[in-house]
Structures are given as C-alpha cells and as structure tokens.
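Please keep the sequence and the structure in view while reading.

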Amino acid sequence: MEPLRGAIRTYAWGSRTAIAEFTGRPVPAAHPEAELWLGAHPGDPAWLETAEGEASLLDVLTADWEGQLGPVAHARFGDRLPFLVKVLAADEPLSLQAHPSTMQAIEGYEREERLGVPVSSPIRNYRDTSHKPELLVALQPFEALAGFRPAARTTELLRALAVSDLDPFIDLLGDAPDGDQSDADGLRALFTTWITAPQPDLDVLVPAVLEGAIQYLSSEAGEFAAEAKTVLELGERYPGDAGVLAALLLNRVSLAPGEAIFLAAGNLHTYLHGVGLEVMANSDNVLRGGLTPKHVDVPELLRVLDFTPTTEAALRPAVHTEGPELVYQTPAEEFAVSRLTLDGAYLGHEVDAPAHHDGPQILLCTEGSVTVHAKSKTLTLHRGESAWVPSDDGPIRLLAQQQAALFRATIGL
C-alpha cells in the first residue's frame with residue numbers, strides 16, 4: 001500500500017477552488033481544475049509516493065501485474081487496471097455527450113486507426129477500445145441532465161413553455177405510451193431533427209424557447225421551474241446551440257451528497273454544476289453533440305445513442321449496507337464502489353473493511369482522517385488524500401477517532 005497522488009486535469013469548465021481546497025493546496029488555483037484522475041490511464045496516470053521516490057502507477061502495474069492486480073483481475077481484464085477514479089469539479093456545464101458500447105468502441109477505434117487519425121488528435125472520437133459505464137456520487141450538491149425523459153412528460157414540459165414554434169416538434173413525439181418502441185422512435189426523431197437543424201432555423205427557435213422559459217418563470221412557479229432555469233442558463237452560455245434544445249429532452253437530476261447516478265453506454269448526459277466522485281471503466285471515449293467548443297461529431301453520436309426513455313429514479317443505483325460500508329450496486333464488471341463511514345460505535349477501535357473484493361483497491365478519504373492497516377504497512381489518510389492497495393496487500397482494517405468517510409473502488413464482483 002502506498003499514498004497515491006492524482007493527476008490534475010485543467011479544463012475551462014472546472015473550478016479554481018474545489019479540487020485545490022479538497023486536496024489542501026492554495027486557493028484559488030492558477031487555472032480551472034476540472035478533474036483529479038486516480039488511476040492508470042495512459043493519458044494521465046496517478047503517481048505512487050514510495051520510499052524510493054514517485055513512480056507512475058501505470059509503470060508499477062506493467063512491471064508487476066501479478067502482485068498489483070492479482071490473478072482474478074488479470075484473468076478478466078489483462079495487464080491493465082480496468083477502472084478509473086476521478087474527482088470532478090464543474091463550475092460550468094460540460095459538453096452534451098454519450099459514451100459507446102464495447103462493440104461500438106472497437107468498431108470506432110479500428111475505423112479511425114484505418115483512417116490514420118492520431119490518438120492524440122482533437123478530432124479523434126475513439127482513443128481506446130473500451131466502453132465507459134460510469135457512476136457519479138455527489139460529494140457536494142450536484143446538478144445534471146441525464147437520460148431521455150419519457151415522451152409524455154416531455155410533451156407536458158414543451159406545452160408548458162407555450163411556444164408556438166415548438167408545436168410541430170411536439171407532434172414528432174406522438175402520443176405513444178411511455179416506454180414502448182414508439183416512444184423511443186419519437187425521441188429519436190425529435191432529437192435528430194433538432195441536433196441536425198440548419199443554423200438559421202436554430203437562430204429562430206432557440207431564442208423563442210428562451211423567451212418561453214422566461215415567461216414561464218415570471219408567472220407562478222411551476223413544476224418545470226428547474227428545467228426552465230437550466231435552459232436559460234445553457235442558452236446564455238451557448239447561444240444558438242442545438243444542445244440547448246436537446247436539454248429539454250433529458251431528465252433534470254439534483255443529487256445530495258452521497259446520492260448517485262449510474263450511466264450506461266448510450267446515455268446522453270451533461271453535468272451542470274457540483275463536485276462529485278466518478279468511477280468508470282478505464283476509457284476516454286466521448287461522443288459530443290453540443291454545448292462545447294470541442295470537436296462535435298453528430299453522426300457518430302447518433303450512432304451510439306440509446307433513445308429508450310428512462311426516469312431519474314431509474315438512473316439512481318440501488319444501495320445496500322454491510323457494517324460501515326454502503327455499496328452502490330451497478331452492473332459494471334470493471335468496477336465496484338462503496339463508501340465506508342466511521343462514526344458512532346465504529347470510532348476508537350479498528351474496524352475490518354468487508355473483504356469481498358478480490359483485486360486491487362483505490363481508497364479516497366473525503367471526510368476526517370482514517371488510519372488504514374494493510375498487510376505491508378499502515379497509512380493515515382486525511383481528507384483529499386488517497387492510497388493504492390495492491391491485490392496482495394489486502395484485506396484492510398480502518399481506525400478513526402472522529403467521524404470520517406472513505407470511498408473505495410475496486411473491480412466488479
């Protein structure tokens with residue numbers, strides 16, 4: 001077990017305070033810090049702080065996969081860590097995006113290889129051959145748009161805005177019962193129409209929708225106030241962008257600290273604001289459709305999207321507890337995520353962390369301080385600090401004198 005120093009990624013939508021404050025560095029940071037990567041992705045691996053100096057986690061895994069990953073993880077995923085942990089801090093909305101399935105990622109990667117598009121190119125869509133299911137757990141209040149809302153509910157929202165220019169588009173959704181194939185077909189038709197609309201048409205429709213949102217909010221507060229405010233905020237930041245219209249089709253999600261959403265392949269989403277912990281398959285494949293100055297590939301996005309409607313409740317993973325551990329249940333094979341909370345009767349003495357994980361672990365302290373005992377050594381992690389626990393160094397025991405919380409990521413069961 002060794003302390004783990006994450007790699008900080010600076011993007012324009014990041015925060016100059018959140019990650020710096022979380023990791024105990026001077027505030028404000030020199031640049032907006034968007035993500036803290038804790039993993040072994042080739043694009044930006046984290047660093048182990050060993051007695052001999054810092055070493056890239058990626059290099060350590062390459063040199064000793066058997067001890068670091070263990071035979072079970074190696075048999076399932078080869079010589080690579082299958083998951084990536086991030087702390088994400090969004091001061092501004094991210095791009096409207098989705099991630100491919102494994103088959104789509106393989107096909108896309110091989111196609112771009114044949115075309116000779118460099119992996120580092122800003123117009124590259126597929127940087128690896130993996131899908132990218134992801135779990136986001138709010139560390140602070142977190143706002144997002146995710147998954148196509150059932151068509152009947154979206155029809156209610158569009159009619160509530162009372163914008164006559166929307167009437168022809170509402171008809172595309174039809175009146176099919178929620179959840180059947182006609183519902184998905186209607187959502188596909190409307191989204192495709194908007195995302196491929198000529199700019200002159202968008203320059204008329206987007207302002208009309210924004211005016212409708214203003215009028216809606218100026219009247220008595222309605223049930224779609226959050227959706228209307230979000231559309232106005234996106235429209236101000238990205239005038240004339242088709243993604244502003246697409247936002248009307250997605251579930252508006254508000255997460256309290258500790259609450260989570262799970263996003264499978266093909267789920268259209270954007271994170272709006274907040275600080276959260278992301279755990280995902282070890283991939284950097286992103287298809288963007290708007291709300292960004294980065295490369296947008298609408299045809300490819302349409303190829304990977306899943307238009308099956310969902311609800312906010314369906315996006316939230318089930319949880320179960322085992323002693324001090326709260327486990328977020330997902331279908332992902334690459335990762336398992338849990339939060340270990342030490343309070344009350346768990347304070348002042350060593351607590352065995354449930355040992356049902358057969359693989360390496362990344363630990364991240366998000367509250368207080370926790371002393372972690374592994375086979376090889378003992379470390380004390382304070383808020384914002386993390387550790388790498390090789391497969392052959394578990395199980396672990398925990399000790400806290402005051403209330404503390406520790407997130408744990410490992411391979412899926």
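## Strands, helices and side chains

In strand β23, R408 is the bridge partner of S338. Strand β23 covers residues 404–410 and is joined to β16 by seven bridges, the two strands running antiparallel. Two strands are said to pair if DSSP finds at least two bridges between them. Strands are DSSP runs of E with at least two residues, helices are runs of H or I with at least four residues, and both are numbered from the N terminus.

The model is predicted: local features need pLDDT of at least 70, side-chain atom pairs count only at pLDDT 80 or more, and totals for chains, interfaces and linings use all residues. Residues are numbered from 1 along each chain as its sequence is written, and side-chain values use heavy atoms, with hydrogens and water left out.

**Strand pairing**

Strand β16 (residues 336–342) also pairs with strand β15 (residues 325–328), in the antiparallel sense and over four bridges. In this pairing, E325 stands opposite L340 of β16. Six of the seven residues of β16 are buried, and the strand is therefore described as mostly covered. Buried means under 20% relative accessible area, exposed means over 50%, and partly exposed lies in between, with a 1.4 Å probe and protein chains only.

In general, the side chains of a regular strand alternate between the two faces of the sheet.

An open sheet is formed by four strands in the order β17-β22-β19-β20, with antiparallel pairing. Strands β17 (351–352) and β20 (378–382) stand at the edges and each has a single partner strand, so one side of each is left without a neighbour in the sheet. Two bridges join β17 to β22 (residues 397–399), and these strands run antiparallel. Here D352 stands opposite R397 in β22.

A hairpin is formed by β4 and β5, with two residues between them. Strand β4 (residues 47–50) and strand β5 (residues 53–56) run antiparallel and are joined by four bridges.

Helix α8 (residues 199–218) has 20 residues and reaches 28 Å from its first C-alpha to its last, close to the 28 Å expected at 1.5 Å a residue. The expected span is 1.5 Å times one less than the number of residues. The buried residues of α8 include L202, L205, V206 and Y216.

L205 and S164 are 41 residues apart in sequence, and their C-alpha atoms are 9.9 Å apart in space. S164 is placed in the loop between α5 (151–160) and α6. With a relative accessibility of 54%, S164 counts as exposed.

**Aromatic rings and charges**

The structure holds six aromatic pairs. Rings of Phe, Tyr and Trp (its six-membered ring) pair if their centres lie within 6.5 Å; planes under 30 degrees apart count as stacked, over 60 as edge-to-face and the rest as tilted. The rings of F148 and F191 are an edge-to-face pair, because their centres are 5.7 Å apart and their planes stand at 80°. This pair links distant parts of the chain, with F148 in strand β9 (residues 142–148) and F191 in helix α7 (residues 181–195), 43 residues apart. F148 counts as buried at 1% relative accessibility, and F191 is buried with a relative accessible area of 1%. A tilted pair is formed by F169 and W194, at 5.8 Å centre to centre and 55° between the planes. F169 lies in helix α6 (residues 167–173) and W194 in helix α7, 25 residues apart. F148, F191 and F307 form one aromatic cluster.

Charged ends also sit over rings, as the table shows; the criterion is NZ of Lys or CZ of Arg within 6 Å of the ring centre and within 35 degrees of the ring normal.

| Charged residue | Ring | Distance to ring centre |
|---|---|---|
| R9 | W37 | 4.2 Å |
| R124 | Y109 | 4.9 Å |

**An annotated residue**

Which residue does the UniProt annotation "active site" cover? The unreviewed entry gives R288; such annotations may be inferred rather than shown by experiment. R288 is found in strand β13 (residues 287–290) and counts as buried at 17% relative accessibility. Leaving out residues up to four places away in sequence, R288 touches several residues, among them S95, Q97, K294 and D297; contact means heavy atoms within 4.5 Å.
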